Amino acid sequence: MNRLWVRLTLAFGLVALVAVGAVAFLGSVSAGEALRYYVAYSALVPQEAVVDALAAHYEEFGTWEGAGWILEQAASQGSMMGMRRGMRGHMMPRDVDLQFVLADAQASVVYDGVEGNPGRLLSHDERAAAQSISAGGDVAGFLVVTIPPRSTLLGPLEEVLVNRVRRWLAVAGLAAGGLALLLGLAVSRSLTAPLQHLAAAARGIARGDFSHRVHPEGSAELVEVGQAFNEMAEALDESEQQRKNMVADVAHELRTPLAVLQGNLQALLDDLYPLDKAEVSRLYDETRLLSRLVDDLRDLALADAGRLSLNLRLVDPAALVVDVGDSLGLAAEAQEVALEVELEDDLPPVLADPDRLAQVLRNLVTNALHYTPPGGTVTLSAGRDGAYLKLVVADTGEGIAPEDVAHVFDRFWRADRSRSRDGEAGAASGRGARGPGGSGLGLAIAQSLVEAHGGRIWAESDRDAGSKFTVAIPL
């Protein structure tokens with residue numbers, strides 16, 4: 001019983017039964033009362049004697065004043081003034097008194113033997129049953145002859161008619177109530193079916209099967225809920241796939257330096273390698289790689305959780321760019337790549353974390369140096385673009401394929417999906433691959449840091465035309 005479709009069906013049925021029952025009851029009462037009034041106004045033969053007496057009174061006096069005594073006499077001596085006969089000629093009981101209402105030519109009551117309210121207008125029923133009174137060829141007034149409706153005794157046929165009306169109203173009420181229950185059942189099932197499908201799909205999602213989707217159907221609200229569920233399932237499916245890929249990538253990135261460390265240490269223990277500073281230096285480089293990867297993963301985890309701390313203060317962008325250029329000058333010189341710095345005059349200060357912003361620029365410049373061949377150029381520039389500070393890192397390297405540009409900020413992404421650590425197997429893998437010593441997370445971290453500053457970062461590139469990475473930070 002605690003099902004939505006059951007409750008909706010019962011609610012439809014209850015409302016229908018109450019409504020139809022009320023209509024049937026009121027219809028039954030109204031039919032009986034209407035028939036009683038009909039008998040009250042139509043069961044009498046015309047009171048010609050009374051009408052003639054009233055017409056003579058009006059012709060003599062020209063007014064209806066004093067005409068009440070004629071009606072009072074007629075009411076007390078009704079059997080003498082005219083026969084009271086029921087419908088179809090049956091005699092009416094003599095203990096039922098006649099009642100008279102007299103109105104002038106404007107239907108304004110001058111004598112009221114029914115309600116005792118002279119001055120009112122004739123009702124609709126009274127106008128229908130009224131006899132006109134003529135005086136001098138004109139209508140001088142109207143006479144209504146009736147008996148008290150409450151005291152009207154219906155004949156056998158009238159009683160049959162009233163009972164039949166009541167019986168048919170009861171049957172119609174029950175039929176309408178049953179039809180309402182069936183319609184309520186159909187409507188409630190159609191309303192709850194999308195919810196049941198949604199619940200089944202949600203249980204599938206809860207079991208870890210993110211392939212479940214629902215077909216949006218039903219009312220506009222249910223369609224909107226179905227579409228929102230599909231969007232949520234799609235996002236969960238994509239997030240789960242990214243999680244699996246990231247776990248596999250992290251495991252791969254950690255496995256390689258650990259394997260090198262383990263193998264070299266085993267070789268040292270077996271006296272295969274001499275225990276000298278060169279070998280220890282190589283092992284130390286592998287530990288630095290592991291440390292950098294762990295730090296990068298920590299930064300990304302903090303960014304995903306919205307807990308990436310920033311030490312904001314006013315920063316001179318020109319000085320920041322010059323410092324980054326100086327710190328990477330030797331690396332560029334070692335790779336025989338020209339590193340140029342271009343600054344716009346009078347750059348305003350920007351509210352930022354100088355260490356984090358420098359980390360972004362170093363990641364971009366290091367990435368550019370890696371993909372720029374000897375003799376090429378990497379340009380680091382800063383300028384103002386409206387309300388934003390624009391930092392641009394451009395190179396003359398191999399460029400990125402157009403279909404790969406949208407993925408360069410993905411974690412561990414590689415154009416050829418290579419997992420080679422040293423870049424040899426993925427020499428043509430594109431900008432997403434990391435080179436020796438990289439963690440494959442530099443661009444993803446740069447994007448997180450820029451977005452934490454309220455800015456945005458994007459890449460523009462073509463194959464064999466170089467690449468350009470732009471950072472926009474609000475001034």
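Good morning. I begin with an open sheet of four strands, ordered β2-β1-β4-β3 and paired in antiparallel fashion; two strands pair if DSSP finds at least two bridges between them. The model is predicted, so that local features need pLDDT of at least 70 and side-chain atom pairs count only at pLDDT 80 or more, while totals for chains, interfaces and linings use all residues. Residues are numbered from 1 along each chain as its sequence is written, and side-chain values use heavy atoms, with hydrogens and water left out.

Strands (E, at least two residues) and helices (H or I, at least four) are DSSP runs, numbered from the N terminus. The edge strands, each pairing on one side only, are β2 (109-112) and β3 (131-135). Strand β1 (residues 99-104) is joined to β2 by three bridges, and the two run antiparallel. Valine 101 stands opposite aspartate 112 in β2.

Two helices lie across strands of the sheet. Helix α2 (residues 48-61) lies across β1, β3 and β4 (138-146), at about 35 degrees to β3. Helix α3 (residues 68-76) lies across β1, β2 and β4, at about 160 degrees to β1. Angles run from 0 to 180 degrees between N-to-C directions, and axes are lines fitted to C-alpha atoms, for helices over the stretch in contact.

How do helix α9 and helix α11 pack? Helix α9 (residues 317-327) and helix α11 (residues 354-370) meet at an angle of about 50 degrees, with their axes 10 Å apart. Contact, meaning heavy atoms within 4.5 Å, involves Leu320, Val321, Val324 and Ser327 of α9 with Pro354, Leu357, Ala358, Leu361 and Arg362 of α11.
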